[in-house]
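Reader: I am new to this structure and would like to learn how to read its features one at a time. Could you take me through them slowly?

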Amino acid sequence: MSDPSLHDPFLRVVRQEHPDVDLVILPPAATPPRTESPEVLRQARAAVQESRRTLTRLLAETGRPESTMVDLWSTYARTGSRHRIARTLLADLPEAARTLEVVGDWLLAEGWDARPCADGSPRLRAVRADLVLEATGHPTAIEVEIRSVSFPLSDATAASLDEEP
């Protein structure tokens, strides 16, 4: 097998000047598609809207509508796909463990398949359609994250979905 660094002028000089240095050449990153199928676009739009709606209603249900939500796309450079992440922190809770139970009960009532973690830790995991919600309890706070499945979306499409209400 030939050394790929020999085909690149810069890397060839580095190899010659520093033979003791290991060079690792990664494959080029995948590029996202130029256009998406209507079905992928529909699913991605639904994931964005449902994650926002769920967190907004969850904050209202727990009496924390003023809490900040972070809503973004996480991109896998290697595959060119991305998934939606929506997060919030319910802070300054006098009884975080009890609030985590309320969150679980509310998710069940909303049609999520919500379950506490089997290891007994103050965490729960809920699944509905293309979304997974994980809530982690701390002494006076609860972290909530909703993550979608991966979608092959272009940068322009992801940005346009961010701008939709």
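Reader: Which residue in β2 is the bridge partner of V70?

Author: Before I answer, please note that this is a predicted model, in which local features need pLDDT of at least 70 and side-chain atom pairs count only at pLDDT 80 or more, while totals for chains, interfaces and linings use all residues. Residues are numbered from 1 along each chain as its sequence is written, and side-chain values use heavy atoms, with hydrogens and water left out. Strands of a sheet pair through backbone hydrogen bonds, either parallel or antiparallel. Here the bridge partner of V70 in β2 is R87, and L72 has I85 as its bridge partner in that strand. Two strands count as paired if DSSP finds at least two bridges between them, and strands (E, at least two residues) and helices (H or I, at least four) are DSSP runs numbered from the N terminus. Between β1 and β2 there are seven bridges, in the antiparallel sense.

Reader: How many residues lie between β1 and β2 in their hairpin?

Author: Six residues lie between these two strands, and G80 in the turn has a positive phi of about 80 degrees. The hairpin of β4 and β5 has two residues between its strands, with A129 in the turn at a positive phi of about 55 degrees, and the hairpin of β5 and β6 has four.

Reader: In what order do the strands form the sheet?

Author: The sheet is open and has six strands, in the order β1-β2-β6-β5-β4-β3, with antiparallel pairing. Its edge strands, β1 and β3 (113-116), each pair on one side only. On average, neighbouring strands are turned by 15 degrees against each other, direction ignored; the axes behind such angles are lines fitted to C-alpha atoms, for helices over the stretch in contact, and angles run from 0 to 180 degrees between N-to-C directions. Within the sheet, β5 is joined to β6 by seven bridges, one of the partner pairs being A135 and V144, and β4 is paired with β5 over six bridges.

Reader: Is β2 largely enclosed or open to the outside, and why?

Author: A residue is called buried when its relative accessible area is under 20%, exposed when it is over 50%, and partly exposed in between (1.4 Å probe, protein chains only). Seven of the nine residues of β2 are buried, so this strand is largely enclosed by the rest of the structure.

Reader: Which residues of helix α4 are buried?

Author: In α4, which spans residues 155-163, the buried residues are T157, A158 and L161. Seen down the helix axis, they fall within an arc of 100 degrees, so they line one face of α4; the arc is taken from the directions that run from the axis to the C-beta atoms. The face turned away from this buried side carries the exposed residues D155, A156 and E163. The cover over the buried residues includes α2 (38-61), β1 (69-75) and β2 (82-90).

Reader: Which side chains are joined to that of E145 by a polar contact of 2.9 Å or 3.2 Å?

Author: A polar contact is a pair of N or O atoms within 3.5 Å; within protein, one must be able to donate a hydrogen and the other to accept it, and residues adjacent in sequence count only if both atoms are side-chain atoms. The side chain of E145 has such a contact of 2.9 Å with that of R87 and one of 3.2 Å with that of R147. E145 belongs to strand β6 and counts as buried, because its relative accessibility is 18%.

Definitions and conventions
Contact = heavy atoms within 4.5 Å.
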